[in-house]
Amino acid sequence: MKKLTVPRFFITVLMVLIGFTLSSCNDNEGPDIPPVKMENLPGNYKGKLIIVQGNGKREGVKDFKVKKDTISFAEFPIEEIVKTVVKNPVKAEQALKSMAKVKYDLKYAAVINPANNVIELTLTPKTMELQIPVDGVNKKTVVEFVSKQKGYYVGLDQSLRYALTAEKITVDGTLVAPYEVIDYNFPFCIKN
C-alpha cells in the first residue's frame, strides 16, 4: 500500500488562506446602535420582578412608570412586608385583602455613560409608611429602603435594570427583629 503525503508547504498555504477567508467574514464594527439619550428613559414599563427574602423567592411581572426623576408604582408589591409584620398566615392574607393598593415613588438621578452606551441611575429611595390592619387595630409600619447598586438603562436593548432592598421594618416604633431583608430585583424591564 502506497502512502500519500502532502508537502508541509501546501498545508501551511491552505491554513493561511482559510484564516484570511474566516477573518474577512468578521465584522468588528457591529451593528449601528444610536447613542443613548435622556429622552429614551421616560415611559411606561413592564418588567420581570424577582423578590427574595431569606430562602423564599417569588417572581412576577410588574408595571411602573418612569418620569424625569422618579420611578412610580401604582401598586407596589407588599406581600412579603405584610407577612413579616403579621406572622399568622391567615391574618396576613386578611390584612392584604383589606389594604388598598400602595403607591410608591422612587427618586433617582441619571447620568449618561457614553463609553458603555447606558444611562446610570443613582436611586434614592424614601421610606414607605403602611397601616396594616390586624385584629381590628392598625399597626403603623415603616419600611426603610436602600439601593445598594446603580440602576441602568441599556442602549443596546433599550431595557431598564435596577434593584431595591427593604433593609429595616419598624412596627409601632419597634424594630422588627430578627428580620431577613427583602430584595426587589428588576433584572429586565422594557417599555410597553
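Me: Where is Asp-172 found?
Reply: First, this is a predicted model: local features need pLDDT of at least 70, side-chain atom pairs count only at pLDDT 80 or more, and totals for chains, interfaces and linings use all residues. Residues are numbered from 1 along each chain as its sequence is written, and side-chain values use heavy atoms, with hydrogens and water left out. Asp-172 isn't a glycine, yet its phi is positive, at about 50 degrees. Taking strands as DSSP runs of E (at least two residues) and helices as runs of H or I (at least four), both numbered from the N terminus, you'll find Asp-172 in the loop between E9 and E10.

Me: And which loop holds Gln-158?
Reply: Gln-158 is another non-glycine with a positive phi, about 55 degrees. Gln-158 sits in the loop between strand E8 (151-154) and E9.

Me: What is omega for the cis peptide bond between Ala-177 and Pro-178?
Reply: Pro-178 belongs to the loop between strand E10 (174-175) and E11. The cis bond links Ala-177 to Pro-178, with omega about -5 degrees.

Me: How many bridges join E1 to E11?
Reply: Two strands pair if DSSP finds at least two bridges between them. Strand E1 (residues 43-53) runs antiparallel to strand E11 (residues 182-191), and Lys-48 faces Phe-188 in E11. The number of bridges joining E1 to E11 is eight.

Me: Which residue in E11 is the bridge partner of Tyr-162?
Reply: E11 also pairs with strand E9 (residues 159-171), antiparallel again, over six bridges. Tyr-162 has as its partner in E11 Phe-186.

Me: Is Gln-53 buried or exposed?
Reply: Gln-53 is part of strand E1. A polar atom of its side chain lies 3.0 Å from the backbone oxygen of Glu-180. Counting contact as heavy atoms within 4.5 Å, and skipping residues up to four places away in sequence, Gln-53 touches Glu-80, Thr-84, Tyr-179, Glu-180, Val-181 and Ile-182. Buried means under 20% relative accessible area, exposed over 50% and partly exposed in between (1.4 Å probe, protein chains only), so at 18% Gln-53 counts as buried.

Me: What is the relative accessible area of Ile-78?
Reply: Ile-78 is in the loop between strand E3 (70-73) and helix H2 (79-85). Beyond its neighbours within four places in sequence, Ile-78 contacts Leu-96, Met-99, Val-102, Met-128 and Leu-130. Leu-96 is 18 residues away from Ile-78 in sequence, with 8.2 Å between their C-alpha atoms. Ile-78 is buried, its relative accessible area being 9%.

Me: Which strand supplies the largest share of the lining of the largest pocket?
Reply: On a 1 Å grid over the protein atoms alone, a pocket is an open set of points where a 1.4 Å probe fits, with protein on both sides within 12 Å along at least five of seven lines; lining residues have an atom within 4 Å of a point. The largest pocket has 17 of them, with Lys-62, Glu-75, Phe-76, Pro-77 and Ile-78 nearest its centre. E1 and strand E2 (56-66) each give at least two residues to the lining. The largest share, five residues, comes from E2.

Me: How many strands are there in the protein?
Reply: Along the sequence, the pattern reads α-β-β-β-α-α-β-β-β-β-β-β-β-β. Besides three helices, the protein's strands number eleven.

Me: What percentage of the 192 residues is buried?
Reply: Of the contacts with a separation of 6 or more, 60% are between residues 24 or more positions apart. As for burial, the buried share of the 192 residues is 34%.

Key
A polar contact is a pair of N or O atoms within 3.5 Å; within protein, one must be able to donate a hydrogen and the other to accept it, and residues adjacent in sequence count only if both atoms are side-chain atoms.
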